[in-house]
Amino acid sequence: MADEPTLDRIDFAILRLLMKDAWLSNKQIAATVGLAPSTCHERIKSLRARGVLRGAHAEVDLKAIGFALEAVLFVQLGKLETEVVDNFVRSTATVPEVRGVFLVSGRADLIVHVVVRDMEHLKAIISEHFNRHAVVLRVETSVVFNRQQQHVMPLP
């Protein structure tokens, strides 16, 4: 596609480093990829400007801030009209406890990852945001016992 940004091996090397550790200094990245710090800085600015590098986020221990429970909600919707679904997805994504919303194929229409303080908090989120919406037919909940996540991607 003509709209896709062209990336070279240096861009991919920079992305690999930042996906592993977004807190690396420009100087550290430049040294690792073999660029002058000013050139590396310009490369990173270009990756941001082209929308390739969209952000850097701190990984927080959710239990340390009072969110002891994670759950995955499988949501079946009654109306599958594009505008209705898009509005519900957008609305769901604004709920502070929601970590991710996925529009999927299969039995469920949405998969929603939430973090909550406890079971009462989970019940309140489901009741207040999901069960009160006419578009929602069914919510099935699975409690997460353990989560492993990686932030690196296989890049060329």
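This is a predicted model: local features need pLDDT of at least 70, side-chain atom pairs count only at pLDDT 80 or more; totals for chains, interfaces and linings use all residues.

Reader: Ok, helix H5. Which of its residues are buried?

Author: Helix H5 covers residues 119-131, and its buried residues are His121, Leu122, Ile125, Ile126, His129 and Phe130. Looking down the axis of H5, these buried residues fall within an arc of 135°, so they line one face of the helix.

Reader: Why would residues a few places apart end up pointing the same way?

Author: An α-helix has 3.6 residues a turn, so residues three or four places apart point the same way.

Reader: And which residues are exposed on the other side of H5?

Author: Glu120, Lys123, Glu128 and Asn131 are exposed there.

Reader: What do the buried ones pack against?

Author: The buried residues of H5 pack against strand S1 (69-77), helix H4 (82-93), strand S3 (110-116) and S4.

Reader: What does His129 touch, leaving out residues up to four places away in sequence?

Author: Phe88, Ser91, Thr92, Val95 and Ala124. With Thr92 there is also a polar contact of 2.9 Å between the two side chains.

Reader: New topic. How many salt bridges are there in the whole structure?

Author: A search finds 7. One of them joins Asp8 and Arg43, with the closest N and O atoms 2.8 Å apart. That pair links distant parts of the chain: Asp8 is in the segment before H1, Arg43 is in helix H3 (residues 37-49), and they are 35 residues apart.

Reader: Which residues are linked with them in a network of salt bridges?

Author: The network links Asp8, Asp11, Arg43 and Arg50. Asp11 is in helix H1 (residues 9-20), and at 4% relative accessibility Asp11 counts as buried. Leaving out residues up to four places away in sequence, Asp11 touches Thr6, Arg43, Leu47 and Arg50.

Reader: What about a salt bridge inside one helix?

Author: Lys45 forms one with Glu42, the closest N and O atoms being 3.5 Å apart. The two are 3 residues apart in helix H3, so about one helical turn separates them.

Reader: And what does Arg147 pair with?

Author: Arg147 forms a salt bridge with Glu70, with the closest N and O atoms 3.0 Å apart. Arg147 lies in the segment after S4 and Glu70 in strand S1, so the pair ties together parts 77 residues apart in sequence. Arg147 is partly exposed, with a relative accessible area of 35%, while Glu70 is buried at 16%.

Reader: Last one. Which residues form the nonpolar patch on the surface?

Author: Met119, Val143 and Phe145 form it, with about 360 Å² of accessible area together. Phe145 is in the segment after strand S4 (136-144).

Reader: Why does Phe145 count as exposed?

Author: Its relative accessibility is 81%, and exposed means over 50%, so Phe145 counts as exposed.

Note on methods: Residues are numbered from 1 along each chain as its sequence is written. Side-chain values use heavy atoms; hydrogens and water are left out. Patches are made of residues with over 30% relative accessible area and no salt bridge: like charges are joined within 9 Å, nonpolar side chains (Val, Leu, Ile, Met, Phe, Trp, Tyr) within 5 Å. Accessible areas come from the Shrake-Rupley method with a 1.4 Å probe; for residues, only the protein chains shown count as cover. A salt bridge is a side-chain nitrogen of Lys or Arg within 4 Å of a carboxyl oxygen of Asp or Glu. Helices (H or I, at least four residues) and strands (E, at least two) are DSSP runs, numbered from the N terminus. Buried means under 20% relative accessible area, exposed over 50%, partly exposed in between (1.4 Å probe, protein chains only). The arc is that of the directions from the helix axis to the C-beta atoms. Contact means heavy atoms within 4.5 Å. A polar contact is a pair of N or O atoms within 3.5 Å; within protein, one must be able to donate a hydrogen and the other to accept it, and residues adjacent in sequence count only if both atoms are side-chain atoms.
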